[in-house]
Amino acid sequence: MIRLLQGIMTISLLLVLGGCSIHYSATGASIEPGAKTVNVRFIDNRAPINNPTLSQNLTEKLRTKVQSQTRLVQINEDGADYEFKGAVTGYSFSNAAVTNVDQAATSRLTVTINITFVKRIGDKKGYTQSFTRSADFSASQLPSAVENGLLENTILPQIVDDIFNKAFANW
């Protein structure tokens with residue numbers, strides 16, 4: 001009787017577990033099984049103040065991330081399975097911290113990107129969302145001296161991760 005009960009429980013457990021499936025990937029990216037292509041369009045710079053290399057660097061970083069962490073192939077034509085398009089909508093310097101004598105101690109560079117992600121395969125749930133990241137620097141430094149370093153090392157990698165995770169990791 002005990003063996004029969006154990007056998008029934010084992011078979012039941014196998015049936016329950018066999019009906020469940022979870023797909024894991026090393027990068028955490030969840031790609032539809034039939035998806036093969038992606039089009040990361042050039043991200044325009046529409047901010048009132050802008051850095052002349054920002055759009056190109058952002059576009060390239062997003063393309064590189066998608067290609068290195070998914071199996072998708074970049075194509076430059078309409079009809080890709082996934083598509084990213086967007087614009088830089090905000091780019092500003094501001095004071096982040098003020099001393100007791102109304103003098104800035106820390107300044108901040110803030111960048112806002114508006115992205116539309118189009119998904120033409122699977123559940124077809126894309127998104128349109130703004131992503132904003134900032135980086136602080138000493139107010140004693142000129143913005144032009146720290147700007148490119150803040151963009152390359154802090155702001156752009158964070159924004160690209162945010163865009164990628166929203167599209168493929170559903171974070």
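Visitor: Which residues does asparagine 39 touch, not counting those up to four places away in sequence?

Guide: Happy to start there, with the reminder that this is a predicted model. Asparagine 39 lies in strand S1, and that strand has the highest mean pLDDT among the elements of the protein chain, 98. Leaving out residues up to four places away in sequence, asparagine 39 touches Gln74, Ile75, Asn76, Glu77, Ala80, Tyr82, Glu83 and Phe84.

Visitor: Is asparagine 39 buried or exposed?

Guide: The cut-off for buried is under 20% relative accessible area. Asparagine 39 has a relative accessible area of 3%, so this residue counts as buried.

Visitor: Which side chain forms a polar contact with the side chain of asparagine 39?

Guide: One of the residues that asparagine 39 touches is Gln74. The two side chains are joined by a polar contact of 3.5 Å, and the partner is glutamine 74.

Visitor: Let's move to aspartate 81. Where is it found, and is it buried or exposed?

Guide: Aspartate 81 is found in the loop between strand S3 (73–74) and strand S4 (82–98). Its relative accessibility is 16%. Since the cut-off is under 20%, aspartate 81 counts as buried.

Visitor: How many Å apart in space are aspartate 81 and lysine 119, C-alpha to C-alpha?

Guide: Lys119 is among the residues touched by aspartate 81, as are Val118, Arg120 and Ile121. In sequence, aspartate 81 and lysine 119 are 38 residues apart. In space, their C-alpha atoms are separated by 6.1 Å.

Visitor: In what order do the elements of the protein chain run from the N terminus?

Guide: The secondary structure comes to three helices and six strands. Helix H1 covers residues 2–18, and strand S1 covers residues 37–40. Read from the N terminus on, the order is α-β-β-α-β-β-β-β-α.

Visitor: Over which residues does pLDDT stay under 50?

Guide: The protein chain averages a pLDDT of 87, and 81% of the residues score at least 70. Helix H1 has the lowest mean among the elements, 57. For the stretch you ask about, the model has one contact beyond four places in sequence; pLDDT stays under 50 over residues 17–27.

Conventions. Residues numbered from 1 in each chain as written. Predicted model: local features only at pLDDT ≥ 70, side-chain atom pairs only at ≥ 80, totals over all residues. Heavy atoms only, no water. pLDDT = per-residue confidence, 0-100. Helix = DSSP H or I, 4+ residues; strand = E, 2+ residues; numbered from the N terminus. Contact = heavy atoms within 4.5 Å. Buried < 20%, exposed > 50% of the residue type's maximum accessible area, 1.4 Å probe, protein only. Polar contact = N/O pair within 3.5 Å; in protein donor to acceptor, adjacent residues only side chain to side chain.
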